[in-house]
Amino acid sequence: MKNMQAPIAKKVPKKLIKHDDVRVDDYYWMNDREDAEVVSHLEKENAYYEAQTAHTKNFQTSLFQEMKARIKEDDSSVPYKQNGYWYISRYETGKEYPIYSRKKDSLDNEEEILFDCNELAKGHDYFNLSSFSISPDNALAAFSVDTVSRRKYTLQIKNLSTGEIFNDKIENTAGNSVWADDNKTIFYSKQDDVTLRSDKIFKHVLGTVTQKDSLVYHEEDETFGTYVYKSKSRKYIIIGSYSTLTSEYRTLEADNPHGEFKIFSPRQRGLEYDISHYENYFYVLTNKDGATNFKLMRVGEEQTSFEYWQEFIQHRADVLLEGMSIFKEYYVLSERRNGLNEIKIVRWDGTDSYKLPFENETYTANVSRNPDFETHILRYSYNSMTTPSSVIDFNMKTKEQVVLKEQEVLGGTFRKENYLEKRLWATAEDGVKIPMSVVYHKDTALNSNTPILQYAYGSYGATIDPYFSTVRLSLLDRGFVYVIAHIRGGQYLGRPWYEDGKLLNKTNTFTDFIDCTKFLIAKGYTSSKHMYAMGGSAGGLLMGAVINMASELYNGIVAAVPFVDVITTMLDDSIPLTTGEYDEWGNPNEKEYYEYMKSYSPYDNVQSKPYPNMLVTTGLHDSQVQYFEPAKWVAKLREFKSDDNQLLFDINMEAGHGGASGRFEALKEVAKEYAFILDLEGKLED
């Protein structure tokens, strides 16, 4: 069956006209997921994928079992304390979903099961308990569930004493909710039915008809979304409005749920800020007045508009200020210098200030969940590409620390000292130095025959830190080098690194990735015959652009849920996320952005030329990158490519953007990707 003919999609030309420019989309007809012909075509693609990969099925299974065997099945999180209870999530052997529980006062006390997601998931192909929120009196839980993978959550309330789930049932929420101090009023966000933009905040009073819930805020600007949360001090309920470049907040005392929200500081385009409350002040993390890498300001509770903000920590050109965590006696700053995380601890009274020491050349250290305001204990996590993740409690007063948990790698074969990690710097075509985090087995020889998998994301200022992965060991132990390219469009080297990889600078993201590849080949780490690349979502856009620009550098590409039809999607404001993306990609209704997008959009730039071997994946119910983008892209690639290399398209007909929902089911998708690459490299095992 490996010689089975690849599906050839029918062509129905559709003219798309903008700015007097005509694009002809022969595969626009695929946009309707309810069309039986569309579903039939996707099923043919799946059948072709199954036929072409049939010889890898046994290997996929063994690879899945190998990856699963490294993971502790009966695992549990490190408990955290909030409002008198210790909260725990855990997994049981043989089960796909977590169990959430708590213990009152002491970890020695009896466990109280809050949610067993294995039970809740029965009868569903997909299941996700997005979040739950506990009432201030600890008696009730508001929780939200998605069983389709469209990120449309149903919100319900559970009595934690009796187990009763109340009749209050709210559809199409964004998943989060917040309790007022009266233990009966809930604030939550709802989404637009079509675009899925979170645009409204409602107030629900327990026991009332949900259809009559009060609208407390409507975000009418279609480029913004909105959400609601409670300050760590528990004093305020806060409504946030956000776009890529601008933010705005509204506050209400949590003990006054029927009062009016007050604007914290009116939005100004390009002004970003985030707020934390402590005693009589708000602390404002902001880019105000050109603070590109952000600074910290302070303002009293009564007059919060930006003209009253006073500088607390000044802007630094060489340090990105990423966040602030507030405790009763200390505040903790999360910073990034030269790409590496730093955690700085400061007493409010100014008597002590220091950074946690991290010695490695490349690592990831993050402040963890710290809901307890009164404590001296800071919880943080640490890992690197060779070091399993640890959860650590650090006493900010005594400076002693305890490793509460280190990720276990089962199977008995993993030894940290068997792997090497380093940071390399490639030179981009404009002279900028591009960092890469690299890991490989110490026995792997680095030469032109060494296989490398290069990964990147490169959008939204999202930084892919060098992290440990038990799954990745399946590549490293088979002689692969794994590289994370910290390209522009992320925020690894500060906010300017992001600004230089978005909007009219977007192509820097693509050329950076290519220049990293060229560096690895030029330095003798590998050759184009053994070079592989992977990216998902906006990273899938990266893959699409890279193969149009430099397809000759790669033997294989994995593009997961790829965003590849940039112009058509960004011109359709009915598609989820579109209007909120203008500040990231530009608005193609403006000619300058239209023409720039057209210059790199993968779908619009498919050429008659050889392309690498490719595996493309998607989910039929994806709300972030619609399935029809990769479907059309694959069809067009099949039409134009001039080679005999593999082009495989795997569609999960049950899932969305995140793929399968089960803990181990997701590993099967990774096994497919790895088997595809290992097969190309001739490392397939029966």
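Trainee: What does the accessible surface of the protein chain come to, and what percentage of it belongs to carbon and sulfur atoms?

Mentor: Please keep in mind that this is a predicted model. The accessible surface of the protein chain is about 28000 Å², and carbon and sulfur atoms make up 46% of that area.

Trainee: How many of the 686 residues, as a percentage, count as buried?

Mentor: A residue counts as buried when its relative accessible area is under 20%. By that reading, 58% of the 686 residues of the protein chain are buried.

Trainee: What radius of gyration does the protein chain have, and what would a compact globule have?

Mentor: A compact globule with 686 residues would have a radius of gyration near 26 Å, and because the protein chain has 25 Å, the two agree. The C-alpha atoms, taken along the principal axes, fill a box of roughly 65 × 55 × 50 Å.

Trainee: Which elements make up the protein chain, and how many helices and strands are there?

Mentor: The protein chain holds twelve helices and 37 strands.

Trainee: How many aromatic pairs does a search of the whole structure find?

Mentor: The search finds 40 aromatic pairs. In one of them, Tyr-278 and Phe-373 are tilted, with 6.0 Å centre to centre and 55° between the planes. This pair links distant parts of the chain, since Tyr-278 belongs to strand β18 while Phe-373 sits in the loop between β26 and β27, 95 residues apart. Both Tyr-278 and Phe-373 are buried.

Trainee: Which residues of helix α10 are buried?

Mentor: The general idea is that an α-helix has 3.6 residues a turn, so residues three or four places apart point the same way. In helix α10, which spans residues 591-600, the buried residues include Tyr-593, Tyr-596 and Tyr-600, and also Tyr-594 and Met-597. Their cover includes strands β1 and β2 together with helices α6, α7, α8 and α9.

Notes
Residues numbered from 1 in each chain as written. Predicted model: local features only at pLDDT ≥ 70, side-chain atom pairs only at ≥ 80, totals over all residues. Heavy atoms only, no water. Helix = DSSP H or I, 4+ residues; strand = E, 2+ residues; numbered from the N terminus. Rg over C-alpha atoms; globule rule 2.2 N^0.38 Å. Buried < 20%, exposed > 50% of the residue type's maximum accessible area, 1.4 Å probe, protein only. Areas by Shrake-Rupley, 256 points an atom, 1.4 Å probe, with all protein chains shown as cover. Phe/Tyr/Trp six-rings, centres within 6.5 Å; stacked < 30°, edge-to-face > 60°. Contact = heavy atoms within 4.5 Å.
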